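Here is a briefing on one protein model. Look at the structure first, then read the points below.

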Amino acid sequence: SIGIARSDRDAATIDALLRSGDIAMYAAKNAGRNRHAWFDVSMERELQSRNELESSLRVAIPRGEIVPYFEQQIDLVTGRLTGFEVLARWEHPQRGVMIPDQFIPIAEETGMIADLSISLMRQAFLSARDWHPQLQLSVNISPWQLKDPWLAVRLLGILADTGFAPGRLVVEVTENAVIEDIMNARAIFSSLQSAGVRIALDDFGTGRSSLQHLVDLPLTSIKLDGSLVARLDDRRVET
C-alpha cells in the first residue's frame, strides 16, 4: 500500500509539472515568438480567468451582451458631425462594461469573432437605420474575418435584413490584414464597393504594403497612422 501511495504521489507530481509546463509555454507564445518563460502561479490564475471569459463569451454573444457604442466622427474643418464609429462593449453581468482589448483577442483565437461581429453590426444598423441619412457608420473588420471569402455576402445580407443603406456604411480594415491575402481582400472590397459600401484602410504606415497595393485596391479613403505623421513632421523640422 505504501508503494501505491508513493506512485500516486509521483503521478500527481508529474501531472502537475506537465500542466505547469503547458501553462508556461502558453504564456511564452502569447508574449511573442522565440521566447521562453518560467512557470509562475500568476500564470495559472491568468489562464483560469481567460478560460472563464471564453466560456462566458460563448453565452454572451447570443444573449446580445456585446453591444455597440457609438463614437462621434467630426469634420475638423467645418465642425460638422459626419457619423459614428461602432465600438464593441461587453456589458458583463458581473464585471461591468468591458472594453474590446479584454475580449476581442479571445473571440479571434476561438473563432467567435465572426458571430460577434455579425451580432454587433446587426444591432448597430438597426439603431442607426432611421438617423439622418447623411450620418455614416464605420465598422472595423478583423484580419480573421477578412480570410472569409463569403464576408461580402454576409455583410450585404445584414444590410438587407436591417434596411440600413449601404451608402452610409464604411468598412475599416488595417493595412496588415489586407496584405495577408491581398487577392481575397480585393475581391471582398470590390463586391462591397459595387453595392455602395465605402472601404477605408486604417493604420496605413505601420505595415509593409506598397503604394502599388493602394492603387490596386478599391479604397475610398486612407487613414494614416499617427506614428507616420509624427515621423513626417520630424523630417520636415530637420529639413
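The accessible surface of the protein chain is about 14400 Å² (Shrake-Rupley method, 1.4 Å probe). Carbon and sulfur atoms hold 54% of that surface. This is a predicted model, where local features need pLDDT of at least 70, side-chain atom pairs count only at pLDDT 80 or more, and totals for chains, interfaces and linings use all residues. Residues are numbered from 1 along each chain as its sequence is written, and side-chain values use heavy atoms, with hydrogens and water left out.

**Overall make-up**
- The protein chain has 10 helices and seven strands (DSSP runs: H or I of at least four residues for helices, E of at least two for strands).
- Of its 239 residues, 37% count as buried (under 20% relative accessible area, 1.4 Å probe, protein chains only).

**Nonpolar core**
- The largest nonpolar core has 48 residues (buried Ala, Val, Leu, Ile, Met, Phe, Trp, Tyr and Cys joined through side-chain atoms within 4.5 Å).
- Phe125, Leu146, Val171 and Phe189 have the most contacts inside this core.
- Helix H4 (residues 113-128) gives the largest share of the core, seven residues.
- Leaving out residues up to four places away in sequence, Val171 touches (heavy atoms within 4.5 Å) several residues, among them Val139, Leu155 and Ile199.

**Helix packing**
- The axes of H4 and helix H6 (residues 151-162) come within 10 Å and cross at roughly 35° (lines fitted to C-alpha atoms over the stretch in contact; angles run from 0 to 180 degrees between N-to-C directions).
- H4 contributes Ile118, Met121, Arg122, Phe125 and Leu126 to the contact.
- H6 contributes Leu155, Ile158, Leu159, Asp161 and Thr162.

Conventions: Buried means under 20% relative accessible area, exposed over 50%, partly exposed in between (1.4 Å probe, protein chains only).
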